[in-house]
Amino acid sequence: MFRYKGNTKGNAILQVLTAIAVMSISFYFLSTYVIAQRKQIVKTKNVVNLKFAVNSALDYVVFGIRQKYCFDDNTLLQNTTSCDWKHAGNVERLVMSDEQLQSLQAMVAAGTSIGPYDSLSTLRLDTIQRTLKFPVSSAHPLFPVVNSLKRVVDEMTGKEIPVKGISVTISRPENSGYLPKAGREVYVVAKVSLIDSGGVVIQIGSEPISVTSRLAIYPRELGSFALVLPGDLHMDKDWMASQVKAGDVMFHKYPDKKTIGTSAGMVFKSPVFVNGNIYLAKDTGNASTSNYSATTFADRVYMGNGWILNPDNSPYAPVSQGALPDRFWADSRVFGGFLRGIENDGLRDLGLDVLSGASSGSNGNEYNLNEICANLNLKSTELDSMEASNVKAALQDSSDGNEAYSRYRINLTNYNTFYAQKNALPAPTTYSKSGNAWKEVVNYSVNNNGKLTGAIASVEFGYGDGDEKKTFSMEMTKNGSFSLKPPVLNDQLYSNNKNEIIKQQKIISESSTISRENTAELAVLSSKIQAAQTEVDKVQDKLDIALNREKEPEVVVKPTVTPTATATASATATATATASPTATVSPTISPTATVAPTPTATASPSETVTPPSGGWYSQAEVDKLKAELATAKATLKKWQDQRDALEKADNTNTASIKDAQKVIESLSTYQSAYEKAKNAPPEIAVDLNKVYSWSGKEYKDRIDVEITSDDFQNLIDSKGNRISKFYVRFKMYDGTYYNSQPIRSTADANHLTGFLNFTVDSSGRITRPTMLSATSGTAGTEDDQSADMAARCEEYYNMINSQSFGAANWGVSFSSNTRKSWNFAGVTGSVTTDPILAEKKWTSNDTKFGVFSIVKNCIITKDVTFVTGFYTCDNLTIETRTQPLRIIGTFIIGKNMRVAPEAIKAGIVWSSIYWPQATPELRSRLILAPYTEPTNVAKCDKLPSPIWHPMPSIQETADRMACNVISLRAKADPFKWTAVDPDCGIPPGATQTVPTCKRRIYHYYVVEQAREGAGI
C-alpha cells in the first residue's frame, strides 16, 4: 500500500519561516533585555560615581562652613587673599547671628574699626553662590571626586558626560526667623550640583543631580569641653616625664592593656580640646607588647593645629589596612580610642599659647595675617600657581666644597608643596646605550620604609655622554634612600683584555727574537758587503790602470809587405770586438789598425820601441778585468739585496713590536682602572629626610637630601677612561601630578626638575654644586630662595582664631592680655595678682558649682570623689587614689597636668555640664535645684507649666533655670567664649581701664540635621 504525503517541500519552507520568525522575535526581546540591562549597569555605575562626587563635595562645603572659609569661583573653592566684609563668599557673613550683627553695628556707631565693608545693611549675607571649576590639582581635597567623574558616561552612547564643575549654594532659609532658637544658633541650607561646560545643572532623566544639607550652626563654647589642653598631648610617655615644650601634657603610658585589669581608666564623656599634636604609643600589632594609655575619648576630640603622631613624630597609621582589629578607633591596642572621631581647626588657640608661655600673643591690628595663610592655601592647591613654581636647592653643610658628603635643602617656590603620589612605587629603571651591563645592575639597595606608594620625587643618577651615557632612576618617598655601586666592572672585557695582552706580549717576544737574529745576520751581511765592496773597488782600480796604459805603437811596413798585416790587423780588430760581451767596440777601426794600400811606411822593420814600465795597453787584460768587475759587482749586489730584504723585514718586525706595545698600553689602562675599581668600587648614596619646624610639625614644601659619593676617582667608562662628571637629577611631584603623570596634557615635562652636577678629579676630590641647574652639565644660576612660608603661615595660624578675617580684622586682638582677661575669679585677692589664687586644693566633695580662674596649682586629693565647676589652672594634679573620681565641668590647663597612674586605674569619668547624665547627677547633689525650693529636687520634674508655655511665671522661669545646667553657664562669661583667645579685654597700648568685648564667635558646632539628594 502506498500512502499520500502531500507537498512536503512546501511544509518544510513554512516550518523554516516559522522558526525564523520565532527566533527573530526572541532576538528582539533578548536584545531589548540586554540593552535594558546594559543601561541599568551603566546607570548604577553612574549613580555610584555621582553619589560619591556630590556627597563628598557637600562634605567639603560643610567643612568650609565650619572653618568659615571665603568661597571663591575657581579651581580651589577656598580662601582668597581678600577675605573681608566685602567678600561675597565669606561664610562668617552668612552665619552671623542677630546678636553679632547688632554688636558690629554698635562697634561702628562707637567709631571702632571692623575692617573694610560696603554697608551695614548688607553686612550679613543671605546667600553664597560659587562654582568649583575643573580640572583641580591632585593636592586638592576634592581631586578624587573630580577624577571619579571621568567615569560618568551616557547610558545610551557610553560616552563620557562632560562634567565641568560643581555648583555650590549656601543660604539662610527663608523661614529661619521662625525656626525655634535657644540662643545664638543659625540655620543654613547647603546645596551642591554638577554642571556642564555651559554652567547648566546635569540631569539624569528629568531630575537635576544635586544634594542638599540642612545645617544647624551654634557657638562652640569653651564650657562644652570637659578638658582644654594648651599644647601637645602625650600618651606615649610616663606621667612624670619632662615636657618636650611648654604646655605639653602626659597621660600615663602603661606597659600593656592587661596592666590596668578591668578598669575603664579615664573616660571623657564630653569633647576635649588639644591645641597641638596627640602622640600615641607605638602599636606593635600585638596587645601584649604594645604600651597602653588607659584614656578613652567617648566624645569628639578637637585639635587646634596638630596631628596624630607616633613617638618618633611620624604620622600615626594602623598596623594593617582595615583588617581586624584596625578598623575602628575603639579597637586600638594603645589607648581607649577616639570613639566619635577627631576634628582639626587648622589653627592654634593663641590664648592657650599665651597661658602656657609658648607665645606672647598678637599685637593689635594686623590685617595682612590671613592674607599670607590664605595665599599659601591658594598656591599650594591651585593648578596655575603650582605650575608656576620652581624647585630650588641650597648646599647646607659648611665644608670646603670638595667633600664626598653633601647635604642640600630642596624646596618648592611660590608656596607650593610636595604631593605624595598614589600609584605603586615602580622598580628602579636603568639606561645604557653602549651595552647591557648597566641594565643588569643588581648592586643597589632601596629603602622606602616599607611603603608601597607615596613617591614625592623621581631621582636619577647618571654620567657619561653619547654611547657611554648611563642612568639609574627610581621613585622615592619622604625619608626614602638608595645606594648604588655603578657597574663599571666588565669581567668579560677584563678577561678578553688579559688574553689579548698575553697574545701581544707573545708577539713582542717572538718579534724581539727575530729582531735579534736579524741583527746578527745583518752584521754578517754587512761584513760580506764590505768585502764585496772592497773587491769591486780593487778590480775597478786595476781596470782603470789597464785602461789608462799606452798602446803599443804601430810598425811601419814596406810596400812589399803583403796585406796580411792588414788582414791581421782586421782580424785583431774583430777579435777585440768579440773578446768580452761587456766591452763596447766602435764600428770604425782605429787608424793604428789601418794598413795603407800604398807601400809607404813610417818605420822600418828594423826599428825598436821601448814599452812603459807597466807594459803596453792590453785589450785582453782589460776584457778580463771587466769580467772580474762584473762578477764582483754582482756579488756586492747580491749581499746588498739580502741586506735590504732583511732590513725591510726587520722594520716590519719592529713595527709589530710597537703596535703590540701600544695595544698593551691601551688595554692596560682599562685593566688598571678595573683593578682599582674592584678594590675600591665607586658608590653613591642618596638619602631624603623630612624637615620639621620648631613645633615638631613636618614641612610640606621642603626636604633635606644627603648625597654621599665615595671612590669616584674609580668611575670609568666601557674603555676604562675615567669619568670626571656625574649628576643627580630630581623631579619633584606636587599637586600637578597624579600617579606620577601630569594632570594637564599641556604641562611642562620638566616641571620641578633640576640637576646637581658634580665633578671629580683623579684623586677623588669632588667639586659640589651649590644649587640646582636646569640640565645636566650646566652651571646653576643664582636665584633667591622662596621665603619660609610654611613656617610663617604656621606662626600666623597660631596667632589667629578665624581663617576668615585673620587675627585682628574684627577690631583688635586681646591675645597678649590673655592672662589678664582670664584672671577674674578667686576666693580672695585682687585681679592685679597673677594668678589670682595660688592654690585650690580639694579635700572634700564639691557641694557647689565652683568658678576659679586663674589658679596656680589645682590639686584633687585622694579622698575626693566628686568635683564640679569651671576652672582655669596653670597646673592640675590628680593625686594617687583608690576610689573612682567624677568630674563635671570644664578645666582649662595653662601649663601642665599630671594624673597619677593609680588614679587612672581607680577610674575617672569626666564630662562637661552639657552631657545629658550630668543634669541628674548635679540634681542628686542639690547643685541643681528649684530656685524656690532648693532642697526639693523632685520639683524639677514636676514644674506646673511645660517649657513651651507662652507666658510662664517668673517663679517657674527661675525654677526651670535653676534646675538645668543653663544656670551654671551664666556663672562665668569667659567660659561662653569660643576660644581662650579673649573676646573681651583691653587693647594693647590703650589707656582705658574698662574692658571692651567684640562678641565674636571664633568656632562653631555644625550639626547636619538632614541630607537629601535629587537625580541619584
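Ser-138 sits in the loop that runs between strand S1 (127-133) and helix H4 (143-148). Helices (H or I, at least four residues) and strands (E, at least two) are DSSP runs, numbered from the N terminus. This is a predicted model: local features need pLDDT of at least 70, side-chain atom pairs count only at pLDDT 80 or more, and totals for chains, interfaces and linings use all residues. Residues are numbered from 1 along each chain as its sequence is written, and side-chain values use heavy atoms, with hydrogens and water left out.

Ser-138 has 1% relative accessibility and counts as buried. Buried means under 20% relative accessible area, exposed over 50%, and partly exposed in between (1.4 Å probe, protein chains only). A polar atom of the Ser-138 side chain lies 2.5 Å from the backbone oxygen of Tyr-737. Leaving aside residues up to four places away in sequence, Ser-138 touches Phe-143, Tyr-419, Asp-734, Gly-735, Thr-736, Tyr-737, Tyr-738 and Ile-743. Contact here means heavy atoms within 4.5 Å.

### Disulfides

A disulfide is a pair of cysteine sulfur atoms within 2.5 Å. The count by this rule is two.

| Pair | S-S distance | Torsion about the S-S bond |
|---|---|---|
| Cys-858 and Cys-873 | 2.0 Å | -85° |
| Cys-940 and Cys-963 | 2.0 Å | about -75° |

The link of Cys-858 and Cys-873 is left-handed. This pair links distant parts of the chain, 15 residues apart: Cys-858 is in strand S33 (residues 850-860) and Cys-873 is in strand S34 (residues 866-878). Cys-858 is buried, with a relative accessible area of 0%. Cys-873 is buried at 0% relative accessibility.

With a torsion of about -75°, the disulfide of Cys-940 and Cys-963 is left-handed. Cys-940 lies in the loop between helix H14 (918-924) and helix H15 (954-963), and Cys-963 lies in helix H15, so the pair ties together parts that are 23 residues apart in sequence. Both Cys-940 and Cys-963 are buried.

### Pro-974

Pro-974 belongs to the loop between helix H16 (966-969) and strand S37 (984-985). At 8% relative accessibility, Pro-974 is buried. Not counting residues up to four places away in sequence, Pro-974 touches Leu-222, Trp-822 and Phe-824. Pro-974 and Trp-822 are 152 residues apart along the chain, with their C-alpha atoms separated by 7.2 Å.

Notes. Polar contact = N/O pair within 3.5 Å; in protein donor to acceptor, adjacent residues only side chain to side chain.
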